[in-house]
Amino acid sequence: MSNHTTHSEEPAKRHKHEGPKKHIIAYVFSMLLTLVAFATVIGGEINTSFIYILLIIMAIMQVIIQMGFWMHMKDRGHLFPIVGILTGVFVVFTIVIMAEFWTWW
Amino acid sequence: MSAHSHLDGKLPHEPERATLEGRNKVLGFWLFLGGETVLFGTLFSAFLALRDQVGDGNPTSQELFKLATVAIATVILLTSSLTSVFAIQAMHRGQVKAMQNWLIVTVVLGLAFLGLEVYEFIEYTHEGHQFSTSAFSSSFYTLVGFHGAHVALGVVWISLLIGQVYRKGLTVVTAPKVYVAGMYWHFIDVVWVFIFTVVYLMGKVG
């Protein structure tokens with residue numbers, strides 16, 4: 001990490017800087033997921049609960065792309081953020097289910 | 001640009017993690033995002049519970065939503081997420097100018113998104129879908145409006161950071177701020193993914 005050679009003139013090739021390629025692939029994937037999601041709804045005459053499940057799965061995949069690649073969660077040293085966010089997600093699911101059931105059952 | 005004076009080989013590889021304060025800022029920001037998750041979770045649960053409570057003669061989500069606008073807004077926001085990644089990558093390479101430019105692109109895309117959202121809300125209002133029309137409309141505007149407010153805050157925040165980096169250069173003090181703003185922007189995008197899925201697409205399906 002801290003091996004620092006001359007950084008100024010040549011654009012530091014010997015560091016392991018990640019290129020944009022991986023992120024462009026992630027971007028293309030999230031675009032495809034978005035496209036599929038909209039297409040299922042616009043062109044869809046499949047049954048509703050199937051579409052719901054499909055949409056939720058695609059949303060979760062998008063989040064994995066965003067948080068894993070773009071918020072660097074897949075990099076090492078991110079255990080604490082992952083635990084924190086998962087706790088938040090757990091609370092949210094509890095709230096959503098509770099609100100749904102408390103309001104209408 | 002004055003910023004270049006800091007780049008004479010002195011800035012570490014990941015300047016946002018170079019100091020304890022920087023690392024603490026990133027960690028603290030994750031905790032904040034956990035709280036934000038819960039905030040949006042409660043708004044989502046309110047919306048999900050109330051989205052069919054339209055009342056007599058008021059527009060339903062199927063009648064109201066125009067997916068074209070939402071699709072364009074989604075593309076804009078996803079693209080801005082990519083440009084903010086490019087900004088952080090440029091920062092890691094020590095290219096301050098490129099970082100600034102990518103941040104400007106991000107801000108412009110954020111403004112475009114906001115413009116679309118304002119246009120959309122005005123349309124809905126004209127179609128009789130106002131804040132107090134029904135439980136559906138109240139929970140809709142609260143959820144989507146809260147997200148829009150977050151985008152607006154992000155736009156202001158990143159704009160101020162661009163100014164600060166321009167004046168003070170990229171240092172171990174300013175780098176964590178830019179990094180954290182990038183995280184915030186991705187989080188806004190994550191929330192939007194759920195909004196377009198749960199609010200718009202599921203609303204259109206019925």
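Across the interface of chain B and chain A, the rule finds zero salt bridges (a side-chain nitrogen of Lys or Arg within 4 Å of a carboxyl oxygen of Asp or Glu). Six residue pairs, both at pLDDT 80 or more, are in polar contact there. A polar contact is a pair of N or O atoms within 3.5 Å; within protein, one must be able to donate a hydrogen and the other to accept it, and residues adjacent in sequence count only if both atoms are side-chain atoms. The model is predicted: local features need pLDDT of at least 70, side-chain atom pairs count only at pLDDT 80 or more, and totals for chains, interfaces and linings use all residues. Residues are numbered from 1 along each chain as its sequence is written, chains are lettered from A in the order in which they are written, and side-chain values use heavy atoms, without hydrogens and water.

The two chains bury about 4,400 Å² between them, 78% of it on carbon and sulfur atoms. Buried area is the accessible area (1.4 Å probe) lost on being put together, summed over both parts. In chain B, 50 residues are in contact with 48 residues of chain A (heavy atoms within 4.5 Å).

On the side of chain B that touches chain A, α1 (20-50), α3 (67-92) and α6 (174-205) each supply at least two residues. Helices are DSSP runs (H or I, at least four residues), numbered from the N terminus. α6(B) gives the most, with 14 residues.

His129(B) lies in the loop between α4 (96-126) and α5 (135-168) of chain B. Among the residues it touches are Pro59(B), Leu64(B) and Tyr124(B).

How values were computed
Lists of a residue's contacts leave out its neighbours within four places in sequence.
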